[in-house]
Amino acid sequence: MKTSLSLAAVVATTFVGAANAAILYTNPWAGGATSYASQNDIAGGGYGNFATCYGFFSTGGATWNVTDLHFVGQYFNPPAQAPIAGFTIQIWGDAGNVPGAFLGGTYVAAGSFTETFVGGATGASYLYDMNLNPTLVTGDAWVSIIPDVAFPPQWGWDAGVDANPAAAGWQVFFGTPGRLAESLNLQITGDVIPAPGAVALVGLAGFFGRRRRA
């Protein structure tokens, strides 16, 4: 247990250092004991996109410009690292606590993301950091992560620490959708978009400030 907590702290520190913008949302890594399959099998005659996981996040009442993504995943069956050709990252609106309308996506090819070994409970977890095409998000939302990696091994998205049932992940496995038992670890960075009224007030405050100095 102490080892998992220590590793989680290391990953949290790495997340902060990797961010190019403000940290908007964090569901910390739970240490790698549980992982949920998400994968596009690119092996010849393979299974294709047999599993897709969706992680929940929320902007509250704000609007975010999402630009960066950080998460931990692992290899299993067997627990051996394999080449990832790229990641398909897609952001979705919420439709009653399930993934809804498509908001934006990015294909992140090999060489455009980092994969850093962090070990974890199974000794096969890695931290991933990548830039995304900027996507505007307001309210509850979901992000799906699908690596292009030949099976075997399988690749899975590690669980997060958020125990709120509303934050539990979603998975489509061989065409069957279902709620996961746990949330999925995730950190999102980007920019908060000021509300139009707030922008007007900032401009007005600046105008009066200059007037008082005249």
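Modeller: Buried means under 20% relative accessible area, exposed means over 50%, and partly exposed lies in between, with a 1.4 Å probe and protein chains only. This is a predicted model, in which local features need pLDDT of at least 70, side-chain atom pairs count only at pLDDT 80 or more, and totals for chains, interfaces and linings use all residues. Residues are numbered from 1 along each chain as its sequence is written, and side-chain values use heavy atoms, with hydrogens and water left out.

Biologist: Why does phenylalanine 173 count as partly exposed?

Modeller: Its relative accessibility is 36%, and therefore phenylalanine 173 counts as partly exposed, since that class lies between under 20% and over 50%.

Biologist: Why does aspartate 140 count as partly exposed?

Modeller: Aspartate 140 also has 36% relative accessibility, so that residue counts as partly exposed.

Biologist: What joins the side chains of aspartate 140 and serine 58?

Modeller: They are joined by a polar contact of 2.7 Å, the term being used for a pair of N or O atoms within 3.5 Å, where within protein one must be able to donate a hydrogen and the other to accept it, and residues adjacent in sequence count only if both atoms are side-chain atoms.

Biologist: How do you know that aspartate 41 has no salt bridge?

Modeller: A salt bridge is a side-chain nitrogen of Lys or Arg within 4 Å of a carboxyl oxygen of Asp or Glu, whereas the nearest side chain of opposite charge to the buried aspartate 41, arginine 179, is 27 Å away. The side chain of aspartate 41 does reach the backbone nitrogen of alanine 43, at 3.0 Å.

Terms used. Lys, Arg positive; Asp, Glu negative; His and termini not counted.
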